[in-house]
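Subject: Handing over the two-chain structure

Hello,

Here is the structure I said I would pass on. Please open it first, then read the notes below.

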Amino acid sequence: MSVVPAQVLPDTARSVPEAGPVVVAELAPAARLWPSLVAVYRAQLSRARVARIPLLFVATFQSIGITVMMRGVVDNGFEARSVVAGSAVLVVAFVALNLLAQYFGQLRAGGGLDHYATLPVPPAAVVLGTAAAYASFTVPGTLVTAVFGCVLFGLPLANLWVLLAVVPLAGAALSGLGAALGLLAPRPELATLLGQLGMSAALLLGVLPPDRMPELVRLARDLLPSTYGVEAYARTFDTHPDWAVVLADLGVCAGVGVISLAAAAWAYRRAAVR
Amino acid sequence: MGQALRQDEVVRVRGLAKTYPAVKGRRGAPGTPEVRATDALELTVRRGEIFGLLGPNGAGKSTLVRQLTGLLRPDRGSVEILGHDIVRHPERAARLLAYLGQESTALDELTVSLAAETTGRLRGLDAARARAERDAVLEELGLTPIAGRPLKKLSGGQRRLATFAAVLVGERPLLVLDEPTTGMDPVARRAVWSAVDRRRAEHGTTVLLVTHNVIEAETVLDRVAVLDRGRVIACDTPAGLKEQVAGEVRVELVWRERAPLDVPEVAVLRERAVEAGRRWTLRLAPEEARAAVATVTGGAAFAALDDFTLATPSLEDVYLALGGAARQGLVKA
């Protein structure tokens, strides 16, 4: 088999506007982190409006259903607080962990990552923008669940605003985890499965009152990032909440959030260039 | 001369090799052997040309494109784009070229308008510039009337045109397009090629095009590299390549039910024909072709003949004559 050499075309055959002496071309500017994060966030939010509203209803009804169910199990009082806080944060876990793991798993399997990987955008912007869009989409569901739970168990609504801190911080921690799982899973079905497992863990460990659990399960509960969001919100039901401890819980959430989002950005880079 | 040529080169590929490792068979799933996707591949694309990669499925086109765009690291060899070493700095590819892949999953749920704008923002444009370029490109490609519709609600051809629009927002000196016109109607195809021509005339934009489509390759490409089993087996202008088989004529015969093999001349022709059902394809010297046509259009054979065509060779014939592995040839139409 012979290789036919490329022939040099006569110059008239091509239009060469400027065959200048510059051999190394100047690189186009890369997209900066913040503007591209905002662009991804905006695009994802518009996408969520169409595709995710039914799922958000599912997430909310699921959590409301759990509070109703637990009404028959727990007495009013201390335990009710962790049920309400846990099921409110569960909405975040459903969307940020489960749905985001699915989304990135499918994006990776369907070749969609190539689109982002051939644009000069920082990996963190794609991961953070997507995660932020998913997390902010959980806000209404979380609030609805919390209000419903408080009314059902007769808990005070005064400190509901704490959720505005709990949702982004627990959301960051859980969505980073979800994105990393989706990007690292070798197959999209596995990403879905891991997301489901994470969500089940958040359900069992977050909603059920911890005092009834064996030691080992309680340890697992401490390892789950959403736990600290649940605890932070649960503490604000006290008559005189210990704000320092609430802040510490939120601090743990934020710390885990930073770590898990960094892990997700690393996973993205690994998945994009093979 | 060598130095002068270097300055004119946009893409320079030397000794590029990538081998996918063998996959061990597991229960129920057979393993696959080691595959050499690109094999000591060499390629030079010059400024302002539309350069085509032609070859059957599995020839290594996609692997080559992934290596050029920094998506896949080669085992060996070098890729230079506009003087930048893409093997060592794969992240620079995104700042030198725009890539249209075969999938649109990342954009499917966005509207046409938002897909173009977001892609422009991620290509480094500021908000005002991204919006202005978005409007200009959508207008240029005739997409303005469907700007507000999500991509996944569009037909395959329209969706492809919308992803092509996203590629054009945020100018790049090199466009790498993987089968850009798949599923498009003639109007959309024309919109694509006139948009490419305009950028070529105004900015000297270079285009690297992956295609299956022989007819499109013959009409739009300045030069074409024919790929087979990870190697470039020929590289020239479409006309130059066709000259290699200029001495031949392609004869296609379609029989009504079956070939009249009882006619001795037909039985002889069969030995040289590539058969596909009722269709025989023969590549013959001009005088042989005349004799063959005389045979089948007269006497007993004519009664069995449904249709016949005589044609000058196409790029597909070039590919087969060069010894391409896929004997069934390339996809036409």
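One cut-off is needed before the details: a residue counts as buried when its relative accessible area is under 20%, and as exposed when that area is over 50%. Between those limits, a residue is partly exposed. Please also keep in mind that this is a predicted model.

**A charged residue in chain B**

Start with Glu9(B). Is Glu9(B) buried or exposed? Its relative accessible area is 12%. That is under 20%, so Glu9(B) is buried. Glu9(B) belongs to strand E1 of chain B, which covers residues 9-20. Its side chain has a polar contact with the side chain of Arg12(B), at 3.2 Å. Now set aside neighbours within four places in sequence. Glu9(B) is then in contact with Thr44(B), Val45(B) and Arg46(B).

**Chain A overall**

Chain A has eleven helices and zero strands. Along the sequence, its pattern reads α-α-α-α-α-α-α-α-α-α-α. The chain has 274 residues, and 51% of them count as buried. Take the contacts in chain A between residues at least 6 apart in sequence. Of these, 84% join residues at least 24 apart.

How confident is the predictor in chain A? The mean pLDDT is 83, and 89% of the residues reach 70 or more. Residues 1-22 of chain A have a pLDDT below 50, and this stretch has 35 contacts in the model beyond near neighbours in sequence.

Helix H10 of chain A runs over residues 226-235. How many of its ten residues are buried? The count is seven, and the helix is mostly covered. The buried residues are Ser226(A), Thr227(A), Gly229(A), Val230(A), Ala232(A), Tyr233(A) and Ala234(A). Which helices cover them? The cover includes H3 (78-109), H6 (139-153), H7 (163-184), H8 (188-207), H9 (215-223) and H11 (243-272), which are helices of chain A.

Pro225(A) sits in the loop between H9 and H10 of chain A. Its relative accessible area is 9%, so Pro225(A) is buried too. What does Pro225(A) touch, not counting residues up to four places away in sequence? The residues are Ala173(A), Leu174(A), Cys253(A) and Val256(A). Leu163(A) gives a distance to check on screen. Pro225(A) and Leu163(A) are 62 residues apart in sequence, and their C-alpha atoms are 15 Å apart in space.

**Chain B overall**

Chain B has twelve helices and 14 strands. Of its 333 residues, 55% are buried. Its C-alpha atoms fill a box of roughly 75 × 60 × 45 Å along the principal axes. Among contacts between residues at least 6 apart in sequence, 69% join residues at least 24 apart in chain B.

Most residues other than glycine have a negative phi. Two residues are worth a look here.

- Ala40(B) has a positive phi, near 50°, and is not a glycine. Ala40(B) is found in strand E2 (residues 35-46) of chain B. With a relative accessible area of 40%, Ala40(B) is partly exposed.
- Leu82(B) is not a glycine either, and its phi is positive at about 50°. Leu82(B) lies in the loop between strand E4 (76-81) and strand E5 (84-85) of chain B. Its relative accessible area is 6%, so Leu82(B) is buried.

**The second largest pocket**

Last, a pocket with residues from both chains in its lining. The second largest pocket has a volume of about 460 Å³. Its lining has 27 residues. Which of them lie nearest the centre? They are Gly111(A), Asp114(A), Tyr99(B), Gly101(B) and Gln102(B).

The largest share is three residues, and it comes from H5(B). By class, the lining has nine nonpolar, eleven polar and seven charged residues.

Best wishes

Terms used:
Residues numbered from 1 in each chain as written. Chains lettered and ligands numbered in written order. Predicted model: local features only at pLDDT ≥ 70, side-chain atom pairs only at ≥ 80, totals over all residues. Heavy atoms only, no water. Helix = DSSP H or I, 4+ residues; strand = E, 2+ residues; numbered from the N terminus. Buried < 20%, exposed > 50% of the residue type's maximum accessible area, 1.4 Å probe, protein only. Polar contact = N/O pair within 3.5 Å; in protein donor to acceptor, adjacent residues only side chain to side chain. Contact = heavy atoms within 4.5 Å. 1 Å grid on protein atoms, 1.4 Å probe; cavity = no way out; pocket = protein on both sides within 12 Å on 5 of 7 lines; lining within 4 Å. Points joined across faces, edges and corners; volume = space filled by probe spheres on them. Nonpolar A, V, L, I, M, F, W, Y, C, P; charged D, E, K, R; others polar. pLDDT = per-residue confidence, 0-100.
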